[in-house]
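Hi,

Here is the structure I said I would pass on. Have a look at it, and then read on for what turned up.

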Amino acid sequence: MKKRLYVFGLLLVGICFITGCNIGKKSLVYKGNGFNVTFEVINSVAYKMSNSGKDTVTNNEKSAILGDNFKIGIEEDRDISLKIYNGDFNKYMNNFKDEKEFKKVTYNNINGFQKYYGTRGRYEVYLPVNKDVNLKLNIYSNGKDSLSKVFKSKEVQDILNSIVIKVK
């Protein structure tokens with residue numbers, strides 16, 4: 001009996017290996033102006049990186065990660081304030097400390113901040129790339145769940161915690 005289970009297990013693993021079962025993670029890469037951002041997502045979920053304008057919400061969003069109940073818009077934030085503060089992200093961040101739901105955050109060892117932007121119905125996450133640009137992620141709900149529930153979900157938080165930024 002044990003031998004049959006062992007053979008069945010090997011057969012199952014072999015089939016998954018040969019057919020490419022959706023096990024593990026895959027990388028979604030955003031190629032920015034002078035930097036790349038990699039998001040590690042679960043392979044078995046149909047996440048998609050889209051560069052299409054029909055999938056982004058604002059003209060400033062260059063790309064979007066699409067999930068079943070959320071969308072994460074990707075922007076290169078080159079706010080004039082960055083130049084005023086000589087690229088000092090902490091000084092830049094202090095401009096927003098009075099915003100609704102402002103909070104310092106850390107995703108994959110990158111310190112940044114989040115805030116809620118009610119007019120656009122989204123959470124915004126700012127992470128520094130270099131002195132000239134910040135990565136700005138706009139998190140939206142697709143309407144099935146509340147925005148707060150979507151933003152706090154394990155699914156979205158896992159994506160945010162997988163972020164790797166590489167400056168070219």
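Let's begin with K149, which is exposed, at a relative accessible area of 54%. On this scale exposed means over 50%, buried means under 20%, and partly exposed is anything in between (1.4 Å probe, protein chains only). K149 forms a salt bridge with D145, their closest N and O atoms lying 3.9 Å apart. D145 itself is partly exposed, with a relative accessible area of 28%. A salt bridge here is a side-chain nitrogen of Lys or Arg within 4 Å of a carboxyl oxygen of Asp or Glu.

Before going further, a word on the ground rules. This is a predicted model, so local features need pLDDT of at least 70 and side-chain atom pairs count only at pLDDT 80 or more, while totals for chains, interfaces and linings use all residues. Residues are numbered from 1 along each chain as its sequence is written, and side-chain values use heavy atoms, leaving out hydrogens and water.

Back to charges. Side chains of opposite charge can pair when their charged atoms come close. How many salt bridges does a search of the whole structure find? The count is nine. One of them joins E76 and R78, with the closest N and O atoms 2.8 Å apart; E76 is buried at 15% relative accessible area, whereas R78 is partly exposed at 37%. Another is between the side chains of K131 and D132 (3.8 Å, N to O), with K131 exposed at 54% and D132 partly exposed at 34%.

K71 is a different story. It sits in strand β5 (residues 70-77) and is buried, yet has no salt bridge. The nearest side chain of opposite charge is D55, 5.1 Å away (Lys and Arg count as positive, Asp and Glu as negative; His and the chain ends are not counted). What does the side chain of K71 reach at 3.0 Å? That is the backbone oxygen of D55. Leaving aside residues up to four places away in sequence, K71 touches several others, including V57, A64, L66, I139 and Y140. Contact means heavy atoms within 4.5 Å.

Now the overall fold. The protein has five helices and 10 strands; these are DSSP runs, numbered from the N terminus, with helices being H or I of at least four residues and strands E of at least two. Seven strands make an open sheet with antiparallel pairing, in the order β3-β4-β5-β9-β8-β7-β6. Its edge strands are β3 (48-50) and β6 (103-107), each of which pairs on one side only. Two strands pair if DSSP finds at least two bridges between them. Three bridges join β3 to β4 (residues 61-66), and these two run antiparallel; the partner of S50 in β4 is A64. Of the 168 residues, 40% count as buried. Among contacts between residues at least 6 apart in sequence, 44% join residues at least 24 apart.

Last, two loop residues to look at. Most residues other than glycine have a negative phi. N86 has a positive one, near 50 degrees; N86 is in the loop between α2 (80-84) and α3 (89-94) and is exposed at 68%. N109, with phi near 70 degrees, is in the loop between β6 and β7 (110-117) and is exposed at 72%.

Cheers

Definitions and conventions. A polar contact is a pair of N or O atoms within 3.5 Å; within protein, one must be able to donate a hydrogen and the other to accept it, and residues adjacent in sequence count only if both atoms are side-chain atoms.
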